Amino acid sequence: MIEFLFKGLVRDRSRSLFPVLIVAAGVMLTVFLQSWLNGALSSLIQSTAHYRTGHVCVMTRAYNEKADQLPNDLALLGIDTLLTTLRGQYPDLFWTPRITFGGLLDIPDEKGETKEQAPVSGMGVDLLASDSPEWKVLNIRPALVQGHLPKQQGEILIAEALAGKLHIQPGQKVTLISSTMYGSMTYYNFTIAGTVRFGVAPMDRSAIIADLNDIQQALDMQHGAGEIVGFFHDDLYHEDRANVITEDFNTRSSKSSDKFSPIMGTLRTVSGLADYLDFASSFSGIILTVFVVVMSIVLWNAGLTGSLRRYGEIGLRLAIGEETGHVYRSMMVESLFIGIAGSIAGTAIGVAIAYYLQVHGFDIGSMTKNSTMMISDVIRAQVEPSTFAIGFLPGILATFLGAAISGIGIYKRQTSQLFKELET
Amino acid sequence: MRRMFWLIAVLLSSVCYAQTPRLPQSASGEEILKKVDLNMFSENKIIESRMVIHGERGSRTVETKSWQRSTRETFSEFLAPARDKGTKMLKLQDMLWTYSPSTDRIILISGHMLRQSVMGSDLSYEDMMEDPHLPNLYSAKVSSEETVVGRSCWVLDLTAKKEDIAYNSRKAWIDKTRYVLLKENLYAKSGKLLKTMEVREVTEIQNHWIAKSILYKDVLKEGGGTEFFVDSVILDATIPEYLFSKAALKK
């Protein structure tokens, strides 16, 4: 029976081609959008983790309340002890201290007087330790455009665009003007080791990267850091595990009565992206629902059209004694074939397009140049196992629903009228 | 009105309110301000002072020596703490430069940098740069009379004459007999209180009443405020001309 129906579909393209094309197009769109959204979301999470919050982040309670102001006056002090504790208690993550700060970069002329100045957003990270994870986390080596990586204290990396704006080259001396953790204005000389381009707009606009010790001296923050960030070893954000670790740490170490006691937050809570991440993660469901509804309506219409074309065939089948339910079920089986065929074709095309964009990416730099979100300039789709399966549910369901609704007409045929209809 | 902080002016200038004839009880705000102004300034002075800054994480003391010529030119050198020792500032009219020995750079403080705190205190560079002659910047009106730290005072409401000014209005408590500003509240255009100043001790030097201990508080900032102590004042001192040049910063 199934083989009979299958042959019918293959041999009579008027029954199958149009529905298969519709399903394939819809499935392709679903697969592509899902993988594109996955890629964009992963990129946002990864960039935010790498350049801002880590997967989890420890700071003082007071700092946490004003984190968007980079309040280094409320920074963690005595971080060596805290780092030892974190590394001992939570070996699932690696931990590294950071100081994020703002200031002005002052470029002297030959007389030592100010020639150019520009606002900068800086990061003090562990740059000089041989086993520092920051090289990998911040993707520093591939980001280097000119010069060399810092080899000694007093050397910094600056954003390539900033270097161009200030007309400075590696090897040149510059002065950072900023505030100490006690609020005094502070000046600190650096030598530019190299320029970098991270492909993340907020970093590429005005970033400087310096060694943590230099920034601790510059900002009068001995043994201090604004934040200690933690990353899972596989560099993936595991929200459930992060929540468990955060709750455990805060129960053990954070005192609500002491505003300088440490508190841990997850990427989700610290980054302020919670609402965005919620929306993005539910977006796949929204796409699938919309697809199923829209495709069902389209296929319902296609089914009605097909029924008109097959009006005589169905009438004849009923007239010679085939049960109405059997006719209806056989159409359901046909729709299943169409759904599977369309889903396979759509998934194949969708995955192919997504894979192309996974490899080559799509440059949205012109749209993000003023963005403050830590999202890469090049968005790549992300093909993962679920990408291969996600199109089948809406593809088959929509076809099924379309056929089920349009097939109801079969039950409305009047048997007494069938021969009369056939005579005409 | 103008006197951003009498502060460094009153502080550093360490104000003098001299033995001048008393104003009648019904004196106008403008007359009172002029009286304060007249007695507050001397031509040249050398001041050694301390700022005790009570931050959220403890207190720090910053010691300074300043050479002041008129009210518009000041050369200052920080003597303590060790980290800031040797840092110098030169104010010439509307320009302010700083020199830090660790970088051997002279930096012009301008734009939004002027809003930065001076050494983490409750005072900003903008406060230092403001014309200390209040009658140039504010119109004054006597609103009431009150007793502050045991002294009978006029309470003046000062309103800015210009738009581009850090504090749109002030409320000032003026000692009726010494013409010393004993207390002041500084407000934004919205009416929000931004800073307060309270004189805790006044002393008489060379016929001038000098505010010797003052508490400044940036209301928007956490912490216990900044205490300003004038340790010594030499009025009408002889100050070498070269101090008021950028070259002096590196010496």
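Helices and strands here are DSSP runs, helices of at least four residues and strands of at least two, numbered from the N terminus. The model on display is predicted.

**Chain B as a whole**

Begin by selecting chain B and colouring it by secondary structure. Of the 251 residues in chain B, 59% are buried. Among the contacts in chain B with a separation of 6 or more, 53% are between residues 24 or more positions apart.

**Helix 2 of chain B**

Next, select residues 29-40 of chain B, which form helix 2. This helix has 12 residues and reaches 16 Å from its first C-alpha to its last, close to the 16 Å expected at 1.5 Å a residue. Which residues of helix 2 are buried? They are B:Gly29, B:Ile32, B:Leu33, B:Lys35, B:Val36, B:Asp37, B:Asn39 and B:Met40. When viewing the side chains, recall that an α-helix has 3.6 residues a turn, so residues three or four places apart point the same way.

**Two backbone features in loops of chain B**

Move to B:Pro81, in the loop between strand 3 (73-80) and strand 4 (88-92) of chain B. The peptide bond that joins B:Ala80 and B:Pro81 is cis, with omega about 5°.

Then select B:Met119, in the loop between strand 6 and helix 3 (125-129) of chain B. Phi of B:Met119 is near 55°, a positive value in a residue other than glycine. Is B:Met119 buried or exposed? B:Met119 has a relative accessible area of 3%, and therefore counts as buried, the limit being under 20%.

**The interface between chain B and chain A**

Now show both chains and select the residues in contact between them. Chain B contributes 23 residues and chain A contributes 33 residues. On the chain B side, B:Arg57, B:Arg83 and B:Arg105 lose the most area to chain A, together 35% of what that side buries. The area buried between the two chains is about 2,100 Å², and carbon and sulfur atoms give 46% of that area.

Polar links can be displayed next. Between chain B and chain A, 16 residue pairs are in polar contact. On the side of chain B that touches chain A, the elements that give two or more residues are strand 5 (95-100) and strand 6 (105-108) of chain B. Strand 6 gives the most to that side, with four residues. The residues of this side of chain B divide into seven nonpolar, eight polar and eight charged.

How many salt bridges cross the interface of chain B and chain A? There are five. To see a salt bridge, select B:Lys246 and A:Glu113, whose closest N and O atoms are 2.9 Å apart.

**A:Thr175 and its surroundings**

Continue into chain A and centre on A:Thr175, in strand 7 (residues 173-179) of that chain. A:Thr175 is buried, with a relative accessible area of 1%. Its side chain makes a polar contact with the side chain of A:Asn189, at 2.7 Å. Leaving aside neighbours within four places in sequence, the residues in contact with A:Thr175 include A:Leu104, A:Tyr187 and A:Tyr188 in chain A, together with B:Thr103 and B:Arg105 from chain B.

**A last stop in chain A**

Finish at A:His223, in the loop between helix 9 (212-218) and strand 10 (224-225) of chain A. A:His223 has a positive phi of about 60°, although it is not a glycine.

Conventions: Residues numbered from 1 in each chain as written. Chains lettered and ligands numbered in written order. Predicted model: local features only at pLDDT ≥ 70, side-chain atom pairs only at ≥ 80, totals over all residues. Heavy atoms only, no water. Contact = heavy atoms within 4.5 Å. Buried area = accessible area lost by both parts, 1.4 Å probe. Salt bridge = Lys/Arg side-chain N within 4 Å of Asp/Glu carboxyl O. Polar contact = N/O pair within 3.5 Å; in protein donor to acceptor, adjacent residues only side chain to side chain. Nonpolar A, V, L, I, M, F, W, Y, C, P; charged D, E, K, R; others polar. Expected span 1.5 Å × (residues − 1). Buried < 20%, exposed > 50% of the residue type's maximum accessible area, 1.4 Å probe, protein only.
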